[in-house]
Every structure is written in structure tokens, then in C-alpha cells.
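Reader: Could you walk me through this fold? I would like to see the structure first and then ask a few things.
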Amino acid sequence: MLTTPALDDVRAARLEHPGLTWGLVPTMGALHDGHLALVRRARTENDRVGVSIFVNPIQFNRREDLAAYPRQVARDCELLAAEGVDLVWTPAEEDVYPPGFQTYVTVEEITRPLEGAARPGHFRGVATVVAKLFNVFQPTRAYFGQKDAQQVAVIRQMVRDLAFPLEVVVCPIVREADGLAMSSRNALLGPDERRAATVLVRALRAAEAEWARGQRAGEHLRAAMRAVLDAEPLARVDYVSAADPLTLREIDGEASSALLSLAVFIGGVRLIDNLVLGPAAG
Ligand code: AMP
């Protein structure tokens, strides 16, 4: 497995055998089984697999969040070698954003609600780095997790709008045994916080149960989630949403499908999770 900080090495590896298919898995490292599920899927669908590990500073809107983000590149590389990954790009900040860098990708409407509203500038950072990764790796397919539902929507929009010649593949959310969605940030939780963190998936499942009983109103689904979250003293809600899965606009009245999503602080750690209901699910 080639592990390199140099952009030119990635290009050279990609162009050595132009006829081979490449799967790209962009990550910020501190890898867990959620990331490895993307890698395994990429492995089965492509001749070669590339992974990037880069904690992208421009997608963080809180300096303390960037500083606290877990980093363990040596261990990550061991995990990726064991998965049969061919190439890992571990750039430094100046490899991605060389001096004088001034070109950014802004996806408009779909970045405004939810994470975009809560984290100004976040998706500009995401779209910019992903566009750069697409140009560096020139993958046949790129793999993303449903864990970041709005990110998937933003990248699909960018790929369509700017005609990137690749396929976006979305993989289901991988969860811990107690339902908590795997996240690199989970490592930052203390024991009591870790127990409290299941409140996200419990809230989603409470709304799902309401849906199964025939409740279709956005307000009712949001209230069902809030009731569960309000009962957890360690949780501070950032947002609770029941939105149209395509437009991400909040459901006002009844809907035939819904993207339930939430962002919640458990202590100082901000966690997100989501669930799709109706025909758009699965
Ligand atoms: P990150 O390192 O957090 O930027 O995540 C890299 C990729 O892994 C993104 O496409 C995430 O959506 C995906 N991912 C992170 N956690 C999970 C999970 N629990 N299940 C599935 N995919 C995930």
C-alpha cells in the first residue's frame, strides 16, 4: 500500500494504468467500522481503492472542534493496509491548500438548511475539498456514508452541476450494538455521555414508530423526537428535523416520505444521526 502526502504521487499511481477502475473513500481519519464498510464496498466494486485522510480545516466552523478532532493516522494506515487498500493520501494542509489558494465551490440551496444553517461555511469547505479530491484521484466511483445525509445531497448536486465523470455510491449507516451511529467523535465522549448518546437513535426510532402508526405530519414527527431528547439531561438539541428527502425543506403538513435528522450536543461533543422513512428509504 502506497501512503503519501504528495499529490503528484497520487496522480502518478492513478495514471500508471489508466484502464483500471478506482474507488475513492474520502475520510477525516480516526477510522471505525463505518469507514471500513465504505472501503470494503469500494474494494468489491473497483480494481483499485484509494483513501484520503485529511481533517479539512475549512469545513470546521468552531476552532475547538477542529482542535479536538481525533487524529491517529498511523493506526488508520494499518487498518487500511489490512483491508487491501492500494493508496492512502495523507496530505498536510498546504498540500491541499497551497499558498495563495483562493478557489472555493459553493453549492447553494441545498446547503442552506440543517447542517448548513447550524455550521455556516461547512458545506463550502466540504464541496471544495471533495472537488479537489475528485480531481487528484480521478476516481471511477466515490463512496460516502448515509450518516452524513445532507453531505450526500450536496455532493450529488455538485457532481451533477459540474459534470464530474464519476459515480457517487452511498452506503448505509453503521451502528454500535446499542444503536449509536459510529462516528470518530464518539471517542471524545465520557462514560456517562456515551450512555446518553443513544438518545439520538432512540429519538429517531420514536418518530419511526409514530410513522408506523400512520402519523405523517412533520410537526408530529419532530415533536416525537423532541420528547425523547428533552428527557435526556446530558443532551442539548441543536436541531430536530423532518424534511423532504430530496429538497431538505421541512415538512409542513403530511408527507409520503421523510428524512428525519438531528444534531445534538452531548456535553461538548456534537453528534448527528438520521433515518429515512417511506418510499425514499433503503
Ligand atoms: P468522516 O471521516 O467523518 O468525514 O467520514 C468519512 C465518510 O465515512 C463519510 O462519507 C461519512 O458519511 C462516512 N461515515 C462516517 N461514519 C459512518 C457510519 N457510522 N456509517 C456509514 N458511513 C459513515
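Reader: Which strands does helix α10 lie across, and at about what angle does it run to β8?
Author: Keep in mind that this is a predicted model. Helix α10 spans residues 199–212. It lies across β7, β8 and β9, and its angle to β8 is about 155 degrees.

Reader: Which are the edge strands of that sheet?
Author: The sheet is open, with three strands in the order β7-β8-β9 and antiparallel pairing. From one strand to the next, the twist averages 10 degrees. An edge strand pairs on one side only, and that holds for β7 (235–243) and β9 (269–277).

Reader: What stands opposite F265 in β9?
Author: β8 and β9 pair in the antiparallel sense, over nine bridges. Across from F265, the residue in β9 is R270.

Reader: Which element gives the most to the largest nonpolar core?
Author: That core holds 40 residues, and V130, F134, F137, F144, I155 and M158 touch the most other members. Among the elements giving two or more residues are α1, β2, α8 and β8. Domain 1 (2–171) and domain 2 (184–276) each supply at least three residues. With 10 residues, the top contributor is α7.

Reader: Which residues does I155 touch, leaving out those up to four places away in sequence?
Author: I155 is one of the core members that touch the most others. With those sequence neighbours set aside, its contacts are V126, V130, F134, F144 and V168.

Reader: Where is confidence lowest in the chain?
Author: The mean pLDDT of the chain is 97, and 100% of its residues reach 70 or more. β5 has the highest confidence, at 99, while the lowest, a mean of 92, belongs to helix α3 (residues 63–68).

Technical notes
Residues numbered from 1 in each chain as written. Predicted model: local features only at pLDDT ≥ 70, side-chain atom pairs only at ≥ 80, totals over all residues. Heavy atoms only, no water. Core = buried A, V, L, I, M, F, W, Y, C linked by side-chain atoms within 4.5 Å. Buried < 20%, exposed > 50% of the residue type's maximum accessible area, 1.4 Å probe, protein only. Helix = DSSP H or I, 4+ residues; strand = E, 2+ residues; numbered from the N terminus. Domains from an automatic or database assignment. Contact = heavy atoms within 4.5 Å. pLDDT = per-residue confidence, 0-100. Pairing = 2+ DSSP bridges. Axes fitted to C-alpha atoms, helices over the stretch in contact; angles between N-to-C directions.
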